[in-house]
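Subject: Structure for your files

Dear colleague,

Here is the structure I said I would pass on. My notes on it follow below.

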Amino acid sequence: MIGPTLTTARLILRPPLHEDFDGFAEMSAEAETMRFIGGLQARDAAWRTMATLAGSWALLGYGMYSVLKRDTGEWIGRLGPWRPGGKEGGWPGDEVGWGLKRSAMGQGYALEGAAAAIDWSFDHLGWERVIHCIDKENAPSIALALRLGSLREIEDLALAPPFQDHKVDIYGQSKAQWKARAR
Amino acid sequence: MFDPRATPRLETERLILRGWREDDLDALAVMMSDADVARFLTSDQRPLDRPTTWRHLALLVGHWALRGYGLFAVEEKEGGAFVGRVGAWQPECWVGFELGWGLARSHWGKGYALEAARAAGDWVFQSFGLERIVSLVHAENERSQALAKRLGMKVRETTFYGGMAHEVWEIARAEWSAR
């Protein structure tokens with residue numbers, strides 16, 4: 001295994017496996033879901049994206065987790081620590097990002113999974129801060145960032161290539177703030 | 001799940017084929033920034049900048065993680081200089097189980113691609129029980145066409161990839177073994 005398995009009340013988080021791909025491809029074809037996380041992708045491009053997430057685990061020792069429902073085993077999305085290129089990759093910081101299939105939205109899964117991923121990242125990756133890169137129009141993700149206790153720190157920042165034309169707002173908080181957060 | 005750290009290590013007379021490391025990024029970025037290399041290797045025929053090359057490196061490694069095989073990093077036995085990437089390639093929707101190659105420009109013309117592709121092809125046929133392998137070669141890529149021919153491959157068909165004509169070269173197990 002190239003990374004750990006985390007368990008929450010309702011979810012399992014583990015690095016991507018090939019068996020996740022049908023769910024991953026299904027999400028990649030949902031226009032509303034993909035609008036703020038890289039855009040629609042056909043199956044061939046979606047596979048390359050999922051492989052890139054798996055490759056991050058192998059290269060850096062962290063990356064996005066696949067999120068599965070504990071009761072059914074269904075793959076419902078991907079979230080977790082993300083910093084393409086590592087410290088020198090031009091990414092604006094140590095991010096925990098998220099994206100769930102439409103059918104899994106609105107049930108608190110992203111909050112539950114992101115909290116577990118942030119816990120793990122602070123405990124195992126030596127991070128002092130966590131950020132989230134969010135499009136100004138992505139109201140559900142902004143609400144989740146605020147719910148996690150992160151605040152807007154920077155506006156209209158261009159991401160590193162190949163997303164240099166995509167401006168995001170940066171939300172974030174320190175490790176101390178996260179640890180002091182009421183559960 | 002295959003752990004890419006367990007990538008096998010193949011040796012030829014002058015080369016080592018091995019798993020990828022994070023510190024391969026510098027040399028891979030130099031290779032992929034060369035317009036003549038990128039022309040036949042990237043989906044849009046354009047060179048890659050450094051951050052995009054990292055994503056490409058993660059894709060190469062992630063291919064091993066998801067499939068259990070992939071393109072090897074190739075280095076010179078003597079001195080360890082990075083030469084390129086050669087090996088197995090089959091992302092989703094691909095034309096078949098591919099034997100692929102691509103070398104940094106500074107290592108063209110030394111016979112390295114042939115040497116590495118022979119070793120990788122032997123490994124592929126020994127490891128995966130395949131009856132045939134293919135190589136997707138850009139219709140204008142004369143160097144790779146010559147290499148596919150030297151490997152004993154033949155053109156099966158022409159197809160379009162990224163809007164550009166590509167030849168599908170192939171070889172059967174028995175033909176490969178009989179070389």
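What percentage of the 183 residues in chain A is buried? The share is 43%. Please keep in mind that this is a predicted model, and that every value in this message was computed from it.

Overall fold of chain A

Chain A contains six helices and eight strands. Read from the N terminus, the order of its elements is β-β-α-α-α-β-β-β-α-β-α-β-β-α. The C-alpha trace of chain A extends over about 35 × 35 × 30 Å along its principal axes. If one takes the contacts in chain A with a separation of 6 or more, 59% of them join residues 24 or more positions apart.

Helices α1 and α3 of chain A

Helix α1(A) covers residues 21-28, and helix α3(A) covers residues 43-60. Their axes come within 9 Å and cross at roughly 115°. The crossing of α1(A) past α3(A) is right-handed. On the α1(A) side the contact is made by Phe21(A), Phe24(A), Ala25(A) and Ser28(A), and on the α3(A) side by Arg43(A), Ala46(A), Trp47(A) and Met50(A). Sorted by class, the residues of this contact are six nonpolar, one polar and one charged.

Ala58(A)

Helix α3(A) also holds Ala58(A). Is Ala58(A) buried or exposed? Ala58(A) is buried, because 27 C-beta neighbours lie inside 10 Å and the cut-off for a buried residue is 20 or more. Apart from neighbours within four places in sequence, the contacts of Ala58(A) are Ile2(A) from chain A and Pro4(B), Val61(B) and Ala65(B) from chain B. Ala139(A) is 81 residues away from Ala58(A) along the chain, and 33 Å separate their C-alpha atoms.

The contact between the chains

Chain A contributes 23 residues to the contact and chain B contributes 21 residues. The side of chain A that touches chain B is made up of 13 nonpolar, seven polar and three charged residues.

Regards

Definitions and conventions: Residues numbered from 1 in each chain as written. Chains lettered and ligands numbered in written order. Predicted model: local features only at pLDDT ≥ 70, side-chain atom pairs only at ≥ 80, totals over all residues. Contact = placed C-beta atoms within 7 Å. Nonpolar A, V, L, I, M, F, W, Y, C, P; charged D, E, K, R; others polar. Helix = DSSP H or I, 4+ residues; strand = E, 2+ residues; numbered from the N terminus. Buried ≥ 20, exposed ≤ 12 C-beta atoms within 10 Å, placed from the backbone. Axes fitted to C-alpha atoms, helices over the stretch in contact; angles between N-to-C directions. Left-handed = near helix turned anticlockwise from the far one by under 90°.
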